[in-house]
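Hi everyone, thanks for making time for this. I'd like to walk you through one structure, starting with the whole chain and then going piece by piece.

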Amino acid sequence: VRQSWTTEITPDIGTNQMDEARLFVIVLDDALVPHDPRIAESAKEVGRAVVGRLTALDRAAVVFTSNATSAQGFTSDRQRLLAAIDTFTPRGQRRYAGDWMTLADTNGYTSSAKTLSNIADYLVNLPGPRKTVFYVSPGIPVNLKKLAPGTEEGQVMDEIHRVFAKAQRANVT
């Protein structure tokens, strides 16, 4: 029988050897998640659920796509991870333009794509076969009519393709 305290208490020993641990990166997309208390709480719940399923050997990090001041590096300390998740504050402001939902500040799309790219770059150099990224976001919309090379939408889509290629090389789920 597994006791709940065995997963809630921070281990009092540590190691620099991470080859046995699974690595998780929880990406909370504060650049794109709309500024809505219900949606923000839902995003936090996803992050908390990931932390709730970690084992003592697992390491996780919390990353934000816009405001990096509250990010948490890899740790097995659940309290630090949960504290970082609780600081999540969405900054996305959505508006409608015809049949295409856009972000008032299109830099949010680029910020999210670049954050994912940087995470993939980092993970490719870490040992261990089991790495997972949880990307909590409404996603980067794609307007298929505007994907021509050289357009802003085309550049963001090119960046997303590079992110997936890097993630495959890093063995990231």
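Let me begin with a term: when I say contact, or that one residue touches another, I mean heavy atoms within 4.5 Å. In the protein chain, among contacts with a separation of 6 or more, 74% are between residues 24 or more positions apart.

Before going on, please keep in mind that this is a predicted model, where local features need pLDDT of at least 70 and side-chain atom pairs count only at pLDDT 80 or more, while totals for chains, interfaces and linings use all residues. Residues are numbered from 1 along each chain as its sequence is written, and side-chain values use heavy atoms, with hydrogens and water left out.

So, what is the chain built from? Its secondary structure comes to five helices and six strands. Helices here (H or I, at least four residues) and strands (E, at least two) are DSSP runs, numbered from the N terminus. Along the sequence they follow the pattern α-β-α-β-β-α-β-β-α-β-α.

How much of the chain is buried? I call a residue buried under 20% relative accessible area, exposed over 50%, and partly exposed in between, with a 1.4 Å probe and protein chains only. Of the 173 residues in the protein chain, 39% are buried. The accessible surface comes to about 10200 Å², and 54% of that belongs to carbon and sulfur atoms; these areas come from the Shrake-Rupley method with a 1.4 Å probe, and for residues only the protein chains shown count as cover.

Let's turn to helix H2, residues 37–52. It has 16 residues and reaches 22 Å from its first C-alpha to its last, close to the 22 Å expected at 1.5 Å a residue. That expected span is 1.5 Å times one less than the number of residues. Which residues of H2 are buried? They are Ala40, Ala43, Lys44, Gly47, Val50 and Val51. These residues cover an arc of only 115° around the axis, which puts them on the same side of H2. The arc is taken from the directions from the helix axis to the C-beta atoms. Strand S1 (23–28), H3 and strand S6 (131–136) are included in what covers them.

H2 also has a cap at its N-terminal end: a side-chain oxygen of Asp36 lies 2.8 Å from the backbone nitrogen of Arg38. That is a polar contact, meaning a pair of N or O atoms within 3.5 Å; within protein, one must be able to donate a hydrogen and the other to accept it, and residues adjacent in sequence count only if both atoms are side-chain atoms.

On either side of H2 there are loops to look at. In the loop between S1 and H2 we find Asp30, which is buried, with a relative accessible area of 1%. The side chain of Asp30 reaches the backbone nitrogen of Asn67 at 2.9 Å. In the loop between H2 and strand S2 (59–64) sits Thr55, partly exposed at 34% relative accessibility. Leaving out residues up to four places away in sequence, Thr55 touches Arg22 and Arg78.

That brings us to helix H3, residues 78–86, where Arg78, Leu81, Ala84 and Ile85 are buried. Those buried residues fall within an arc of 130° seen down the axis, so they line one face of the helix. The N-terminal end of H3 is capped by Asp77, with a side-chain oxygen 2.9 Å from the backbone nitrogen of Gln79.

A polar atom of the Thr89 side chain lies 3.1 Å from the backbone oxygen of Thr87. Thr89 and Ala40 are 49 residues apart along the chain, and their C-alpha atoms are separated by 7.0 Å.

Not counting residues up to four places away in sequence, Ser117 touches Glu159, Val163 and Lys166.

Last, the aromatic rings. Rings of Phe, Tyr and Trp (its six-membered ring) pair if their centres lie within 6.5 Å; planes under 30 degrees apart count as stacked, over 60 as edge-to-face and the rest as tilted. By that rule there are three aromatic pairs. In one of them, the ring centres of Phe74 and Tyr122 are 6.2 Å apart and the planes are at 15°, so the pair is stacked. This pair links distant parts of the chain, with Phe74 in strand S3 (residues 72–75) and Tyr122 in helix H4 (residues 107–124), 48 residues apart.
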